[in-house]
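Here is a short briefing for a first look. Start with the structure below, then read the points by topic.

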Amino acid sequence: MSDAINTVLAATGELFGKKDPTAVDRWVAADYTQHSALAADGPEALRALVSSLGDDFRYESARVIADGDLVALHGTYYGFGPDPLVAFDIFRVDADGKLAEHWDALTPVVAPTASGRSQTDGPTEVAEPARTEANRALVTEFAQKVLVGADYSVLTDYISTATYHQHNPEAADGLDGFGAAAARWAEQGKNLRYTKVHKVIAEGDFVLTQSEGEFGVPVAYYDLFRVAGGKIVEHWDVIAPIPAELPHTNGLF
């Protein structure tokens, strides 16, 4: 494990596992920058959030990927509201080994899903670490050409036609499943529109993109892809509306 992963897992374990507000003193930088729509800026706002967590609060981790000083978590929060929430969290760890910055996106758990898969199940362990940069390049090009550029004629250059496991709750497996879902969304006035890719976080066969766009309303897109044999074979996501007002001035991205 990288030092950044060790830091994030230890810090979040104390903050959100043990629900210990004093963990802020040990693990959070004085200039902690918050991008979440759920909390104000700075370590004291995080302390207040941890202090407010109820006895029924818990976090169930699905997977963790690290890329330099960035660590991305994918899992489910329980007791963070009336319904369980699937989430992506990204933390930046500074040179002192402290949590320095945080981004996230959350969406309600949906069951059943169109594919029969949950929003978080599937492979969890990073594989083929030597393929990290090749997989980053593949997904980055896919994001620019297909997601932002909307050139769906090259879709099969990037996504496997043989295996494409889908975890978006409204889309079935395979490219046909995605196409059918996209058509339904368009009928509902929710065309998939990506305007900017803000981050690409890669480790081994996993690549997470954080993007901005519209889905009927302005949204943050978090898309996690698994790559095998030079093609995208699996996809998880969270599509989170961008609120009109945030509890800080840092933006969501």
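Strand β3 (residues 70-78) and β4 are antiparallel and are joined by 8 bridges. Strands here are DSSP E runs of at least two residues, helices are H or I runs of at least four, and both are numbered from the N terminus. Two strands pair if DSSP finds at least two bridges between them. This is a predicted model, in which local features need pLDDT of at least 70 and side-chain atom pairs count only at pLDDT 80 or more, while totals for chains, interfaces and linings use all residues. Residues are numbered from 1 along each chain as its sequence is written, and side-chain values use heavy atoms, with hydrogens and water left out.

- Strand β4 (residues 85-93) has 8 buried residues out of 9, so the rest of the structure largely encloses it. Buried means under 20% relative accessible area, exposed means over 50%, and partly exposed lies in between (1.4 Å probe, protein chains only).
- Phe88 has Ala105 in β5 as its bridge partner, and Arg92 stands opposite Glu101 in β5.
- The hairpin of β4 and β5 has 5 residues between the strands, with Gly97 at a positive phi near 75°.

**The five-strand sheet**

- The order β1-β5-β4-β3-β2 describes an open sheet of 5 strands with mixed pairing.
- β1 (28-34) and β2 (58-67) stand at the edges with a single partner strand each, so one side of each has no neighbour in the sheet.
- On average, neighbouring strands of this sheet are turned by 25° against each other, direction ignored. Axes are lines fitted to C-alpha atoms, for helices over the stretch in contact, and angles run from 0 to 180 degrees between N-to-C directions.
- Helix α1 (residues 3-17) lies across β1, β2, β3, β4 and β5, at about 25° to β3. Contact means heavy atoms within 4.5 Å.

**A second hairpin region**

- Strand β7 (residues 193-203) pairs with strand β8 (residues 206-214) in the antiparallel sense, over 9 bridges.
- Val200 has Thr209 in β8 as its bridge partner.
- This hairpin of β7 and β8 has 2 residues between the strands, and Gly204 takes a positive phi near 60°.

**Aromatic rings**

- The whole structure holds 11 aromatic pairs. Rings of Phe, Tyr and Trp (its six-membered ring) pair if their centres lie within 6.5 Å; planes under 30 degrees apart count as stacked, over 60 as edge-to-face and the rest as tilted.
- Tyr77 and Phe80 form a tilted pair, 5.3 Å centre to centre with 55° between the planes. Tyr77 is buried, at 6% relative accessible area, whereas Phe80 is partly exposed at 25%.
- Phe142 and Phe225 form an edge-to-face pair, 5.5 Å centre to centre with 80° between the planes. This pair links distant parts of the chain, 83 residues apart: Phe142 is in helix α4 (residues 132-148) and Phe225 in strand β9 (residues 218-228).
- Phe142 is buried at 4% relative accessibility, and Phe225 is buried at 2%.
- Ring pairs join Phe16, Phe57, Tyr59, Tyr77 and Phe80 into a cluster.
- Arg58 lies over the face of Tyr78, 3.9 Å from the ring centre. A charge sits over a ring if NZ of Lys or CZ of Arg is within 6 Å of the ring centre and within 35 degrees of the ring normal.
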